[in-house]
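Thanks for coming. Please have the sequence and the structure open.

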Amino acid sequence: MNSPNPALVTHRAAQRLPRVALLLFCAAYVLPGLFGRDPWKNADITAFGYMVNVAEGRSPWFAPSVAGLLSDGALLPYWLGAVFVKLLGPWFGPALAARIPFALLLVLALVLTWYSTYYLARSDAAQPLPFAFGGEADPIDYARAIADGALLALIASLGLLQLGHETTPELAQLASVALFLYAMSASALRGAQARLAVLVALPALAASGAPSIALALGLVGTLVCRVSASASARGFSPWVMAGTALCIMAAWLLHAWGWRLDGYRSTAQVVAMLKELAWFLWPAWPLACWTLWRWREHLLDRHIAIPLSCAGVAILACVGMGGWDRALMLALPPLAVLAAFALPTLQRSTAAAIDWFSVFFFSVCALAIWVIYVAMQTGVPRQPAANVARLAVGFTPRFSLLAVIVAAAGTLAWLWLVKWRTGRHRHPLWKSLVLPASGVALCWLLLMTLWLPLLDYARSYRPLVQRIARHVPPGACVSARDLPRGQLVALEHLGGYEVDAATPLDATRCDFLLQSEPRLRPRPEIPGWVLVARERRPTDNEDVTAIYRRVANAR
């Protein structure tokens, strides 16, 4: 006997978000940060280094390397970036050219999340109950409204904000998970497209550096299909198994198998992981939990079982990896789908609480960004200006009229949305997620316009490379065995040095040596080398880079 459906939705509540507004949301989220900056430290610049080295022929396609050190990551994302560097690098520069395909992958994840939700919402078990005297939502309009809510939930997710705008393999993994979610969701209505999608998604996920997650998704997806009440879903299970087999083959061919299991040595580590789960998945996780409660008698139905199983695999992978946030990012698309199905069951008081929290929190954040920007440009207020000068030593603010215009337009749009939402617009299902999503997009837009020069100065290796250039001539051979890989990339591509991080010190032919060491604990003298200087990034108070020159008669 079928359990009662908790969704009661009127025709007025199922109106979709205007397409122009939806596209502007996505543009305001995806485009800021794409232009006008260097690759940032750690994962962003490291991945860029492998891509540009492959594109420029400095390392082979099947063995990407930086300064002689081979990559231990997946090949597919590096190939993707390298292709775009070769095609677009001469016109846009290597950094922007490598960033473009990953911005497209973020767009793809957003689009696939929308369509996954749309097809799940069209299933019979997800449709709202009909009214005795008519006036219920049209099935197609209801599915579109729910899908709009899922897209807004994904944009509002705090964990996607930075990681989703990097040039890293994890974005390829995110798009692959979203493609698998789409394949499972559309299998009942778009058979051919769904079969092709699952045959691509799992091998792509394995080739992007997550073969164990791809294998787990394939096994769980097969189980979900086999226990489904839908005949079309049960008939889709062989295709999921075929995708799983291709995943295993891709991982074997590309030598991508690997496990990263980390234990928890203290209660503090467990608490830290739970805190990370709470903020990283906000606001999708409380809405997803509400969905599971209100739809608790429908957990085996496709619109709940598919996103729940996908999110569960990613969250368990994160927990098994010691709380690794890049694995947790893969849970965001399915959690956004689950969060969207909470919207038809939200009480008005809950929706009002979400709205007022969003108005207060994001308005305060936007105001703080503007105040600090004005302080950087004018010196008033004095304390924020002094804080910036203390934390970013040597930074010189730059004024950009275009940045101010874009930031002002985004701020005015936010004020209009607040006015619209606090008015009498109570009907659309997606209304409760408009302010969280637009608040996240606004703050990201302001940071990537008003604060971009400051953040680029703080996050880029360029200031350090410029300081090193005072002591090491351009084009010199530099031995750098213990530097972070991101800094090796910066020395190669921002400084133009020939960097050797693979040859032992006693066998290197380089005349300069760079070593990383704690600022307060210099290393002992190195025989045959003389210390020239000790430089550090202006925003790094812990580590310094010691610069040595070979003694003339030490060869």
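A residue is called buried under 20% relative accessible area, exposed over 50%, and partly exposed in between, with a 1.4 Å probe and protein chains only. By that scale valine 364 is partly exposed, because its relative accessible area is 44%.

Now the provenance. This is a predicted model, where local features need pLDDT of at least 70, side-chain atom pairs count only at pLDDT 80 or more, and totals for chains, interfaces and linings use all residues. Residues are numbered from 1 along each chain as its sequence is written, and side-chain values use heavy atoms, with hydrogens and water left out.

Back to valine 364, which lies in helix 16. Helices here are DSSP runs of H or I with at least four residues, strands are runs of E with at least two, and both are numbered from the N terminus.

Next, helix 11, residues 267-280. Its 14 residues reach 20 Å from the first C-alpha to the last, close to the 20 Å expected at 1.5 Å a residue. The expected span is 1.5 Å times one less than the number of residues. Where do the buried residues of helix 11 sit around the axis? Met273, Glu276, Leu277 and Phe280 are the buried ones. They cover an arc of only 100 degrees, so they are on the same side of helix 11. The arc is taken from the directions from the helix axis to the C-beta atoms. Thr267, Ala268 and Lys275, on the other side, are exposed. The cover over the buried residues includes helix 6 (160-163), helix 12 (284-294), helix 13 (302-320), helix 14 (325-328) and helix 15 (332-340).

Helix 8, residues 191-207, can be treated likewise. Its 17 residues should span 24 Å at 1.5 Å a residue, and the end C-alpha atoms are 25 Å apart, which agrees. Its buried residues include Ala194, Ala197, Val198 and Ala201, and also Leu202, Pro203 and Leu205. The buried residues of helix 8 pack against helix 3 (76-92), helix 7 (169-186), helix 9 (211-227) and helix 10 (231-253). After helix 8 comes glycine 209, with a positive phi near 110 degrees.

Now the loop between helix 1 (19-30) and helix 2 (43-55), where tryptophan 40 lies. Is tryptophan 40 buried or exposed? Tryptophan 40 is buried, because its relative accessible area is 11%. Contact means heavy atoms within 4.5 Å. Not counting residues up to four places away in sequence, tryptophan 40 touches Ile45, Met448, Leu452, Leu455, Asp456, Arg459 and Ser460. Proline 39 lies in the loop between helix 1 and helix 2 too, and is buried at a relative accessible area of 7%. With neighbours within four places left aside, the contacts of proline 39 are Asp44, Ile45, Phe48, Ala95, Arg99 and Ser460.

Last, the salt bridges: a side-chain nitrogen of Lys or Arg within 4 Å of a carboxyl oxygen of Asp or Glu. How many are found in the whole structure? The search gives 10. One joins arginine 37 and aspartate 44 at 3.2 Å, N to O, and both of these residues are buried. Another joins glutamate 56 and arginine 58, at 3.2 Å, N to O. Glutamate 56 is partly exposed at 42% relative accessible area, as is arginine 58 at 47%.

Arginine 509 and glutamate 498 meet at 2.2 Å, N to O. Arginine 509 is in the loop between strand 4 (498-500) and strand 5 (512-518), and glutamate 498 is in strand 4, so the pair ties together parts 11 residues apart in sequence. Arginine 509 is exposed at 53%, whereas glutamate 498 is partly exposed at 38%. Finally, Glu166, Glu170 and Arg326 are linked in a network of salt bridges.
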